[in-house]
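These notebook entries record what I looked up in one structure.

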Amino acid sequence: DWTNASVIDEQIDLIRQRVGSKNVICALSGGVDSSVAAALVHKAIGDQLTCVFVDHGLLRENEREQVETDYVNSIGVRLVTIDARERFLSELSGVVDPEHKRKIIGREFIRTFEAAAADLVLEAKDEGAEIGFLVQGTLYPDVVESGGGSGTANIKSHHNVGGLPDDITFDLIEPLRALFKDEVRAIGRELGVPDAIVSRQPFPGPGLGIRIIGEVTEDRLSILRRADAIARDELTKAGLDGEIWQCPVVLLADVRSVGVQGDGRTYGHPVVLRPVSSEDAMTADWTRVPYDVLSVISNRITNEVDDINRVVLDVTSKPPGTIEWE
Ligand code: XMP
């Protein structure tokens, strides 16, 4: 498509002019925005870009592989993965309150990324190079939301990274600042970003951590990860990805109910299916998923996932219910 191609070419020129011979880092989340932004910057400056992917252990099944294997293979980007799973789990230990969880996850994410960035800056220095820029996948709606409409395009053009002296700041590269989500997806396809990433439904930064009602533990995460993968698999097979904005699967980890499975009585946990249809996530309606599809999902989850003996459906719109349970 010529318009996408010309947006890409124009951004590539701008990025090359700004960056010159300096190096650039990017925090890759596996989401659409950061993946497309990094692909665009990589196309402009190749290995002058290094991406950092933080595995906080709150990811869904295959997400790390999608980034480390599929994305890296198709884009050719240089990637550093930080395995921070233990750190996040230990910080979250004993924490039940939703806002407290969110604060911890956000704080630890920034700390982990900044420590990785500081290491990269020092490494580059040893090699006589300099990292001067940070890529962010800011979109036009984010610009408007944060009050920086047209005319104030440089409203947050610097970023300090903790762990480095105060006078080391990064200039921001935000190549998607003028674009809406669907335009970003189109550009991502043009750049060869894998479809599983480009077409991905929204997934919150705090990940599965805010879909476990109760304390986040490794066992609970692996239970939820399995149930979530089954639900997504069946909704996709049923052709519902276009109709559904997203379908959180929520583990009621502190609730137990009696069931009968195989030879006897069980006392397991329920999971909630929360399929919603929405335009912009500000309001949403619960999606009328066909009973047959719900039935397959319920059977598979209760058969295949240990400790889950009940599947329930959330039929609340937003408002009053938010999309996520926490
Ligand atoms: P709620 O639960 O507020 O969610 O109705 C609206 C949309 O935002 C997503 N969401 C988040 N995305 N970081 C994110 O990047 C977050 O902390 C976060 N919390 C909620 C949610 O998945 C839904 O699409």
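I traced six strands that form an open sheet in the order 3-2-1-4-6-5, with mixed pairing. Strands here are DSSP runs (E, at least two residues), helices are runs of H or I with at least four residues, and both are numbered from the N terminus. Two strands pair if DSSP finds at least two bridges between them. Strand 3 (78–83) and strand 5 (158–160) stand at the edges with a single partner strand each, so one side of each is left without a neighbour in the sheet. I noted that neighbouring strands are turned by 35 degrees against each other on average, direction ignored. Axes are lines fitted to C-alpha atoms, for helices over the stretch in contact, and angles run from 0 to 180 degrees between N-to-C directions.

The model is predicted: local features need pLDDT of at least 70, side-chain atom pairs count only at pLDDT 80 or more, and totals for chains, interfaces and linings use all residues. Residues are numbered from 1 along each chain as its sequence is written.

C51 has L79 of strand 3 as its bridge partner. Helix 3 (residues 63–75) packs on the sheet and touches strand 1, strand 2 and strand 3. Its direction makes about 165 degrees with that of strand 3.

I saw helix 2 lie across strand 1 (23–28), strand 2, strand 4 (131–135) and strand 6 (169–173), running at about 160 degrees to strand 1. Contact means C-beta atoms, placed from the backbone, within 7 Å.

Which residues touch the most other members of the largest nonpolar core? Of its 73 residues, they are V24, C26, A38, V41, V52 and A227. Helix 2 (residues 32–45) gives the largest share, nine residues. Domain 1 (2–198) and domain 2 (207–313) each supply at least three residues; the bounds come from an automatic or database domain assignment. A nonpolar core is a set of buried Ala, Val, Leu, Ile, Met, Phe, Trp, Tyr and Cys residues joined through C-beta atoms within 7 Å. Buried means 20 or more other C-beta atoms within 10 Å of the residue's own, placed from the backbone.

Not counting residues up to four places away in sequence, I listed C26, L28, L49, C51, V77 and V135 as touched by A38.

I recorded 10 helices and 13 strands. Buried residues make up 36% of the 326 residues.

Methods. Buried ≥ 20, exposed ≤ 12 C-beta atoms within 10 Å, placed from the backbone. Contact = placed C-beta atoms within 7 Å.
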